[in-house]
Amino acid sequence: MVDWSSLSFLTAVLAAVCGYLCGSIPFGLLLTRWAGLGDVRKIGSGNIGATNVLRTGSKKIAALTLILDAAKATIPVLIFRETGGEAAGLVAGFAALAGHLFPVWLQFKGGKGVATAIGLLFGIAWLLGLAFLAVWLIVAFLFRTSSTSALTASALSPLWAYLLGRSDLVIPLILLAAIVWVMHRANISRLIAGTEPKIDLGRKA
């Protein structure tokens, strides 16, 4: 259970700084450049997340981006959860999410945070991570739009927390869902207009 009263100021600051620095590593940009696929910011939506990396046509690089973008939240969450409690883990996780969304190295222009949010959930309560991922996959299969999957999965996360007996995580997950929805506001407009692009699996390995 999350005990905010046990979180010291120093631990919170350390968790926030370390989480942000981990989250700000632009794996999507680094991996696409390493693979000779160019600057991922100049294609598709222009962000550095796995969905846009998939638009390069490389499923392997997109999958690796997804894993690493999730891990950069999971790792600091687990470290600070173990050393400072679940409250410290949550601070580290949300800081990692902030780092992904607003990386200092890229003039604060990052991704939309879905993979990093999944990583946060796996770090703090792995069943919630699985639930998010399951909903994402089901909705993606049905509607073929990444944004619809992310919006639905994030919106349902507080409900899963409540049903799994983690009512202490309901408020943090409402905040997490709000962040995901705000970062997808342009996608929401395109969904309403019927112009949101479908998931493209690409041709390359």
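Student: On what basis are residues and values reported here?

Tutor: Residues are numbered from 1 along each chain as its sequence is written, and side-chain values use heavy atoms, with hydrogens and water left out. Because the model is predicted, local features need pLDDT of at least 70 and side-chain atom pairs count only at pLDDT 80 or more, while totals for chains, interfaces and linings use all residues.

Student: At what angle do the axes of helix α1 and helix α5 cross?

Tutor: Helices are DSSP runs (H or I, at least four residues), numbered from the N terminus. Axes are lines fitted to C-alpha atoms over the stretch in contact, with angles from 0 to 180 degrees between N-to-C directions. The axes of α1 (residues 9-23) and α5 (residues 86-101) come within 6 Å and cross at roughly 35°.

Student: Which residues have the most contacts inside the largest nonpolar core?

Tutor: Such a core is a set of buried Ala, Val, Leu, Ile, Met, Phe, Trp, Tyr and Cys residues joined through side-chain atoms within 4.5 Å, where buried means under 20% relative accessible area (1.4 Å probe, protein chains only). The core has 49 residues, and its largest share, nine residues, comes from α5. Those with the most contacts inside it are Trp136, Leu169 and Leu176.

Student: Is Thr74 buried or exposed?

Tutor: Thr74 lies in helix α4 (residues 59-84). Not counting residues up to four places away in sequence, Thr74 touches Gly119, Leu120, Phe122 and Gly123, contact meaning heavy atoms within 4.5 Å. With a relative accessible area of 17%, Thr74 is buried.

Methods
Helices (H or I, at least four residues) and strands (E, at least two) are DSSP runs, numbered from the N terminus. Buried means under 20% relative accessible area, exposed over 50%, partly exposed in between (1.4 Å probe, protein chains only).
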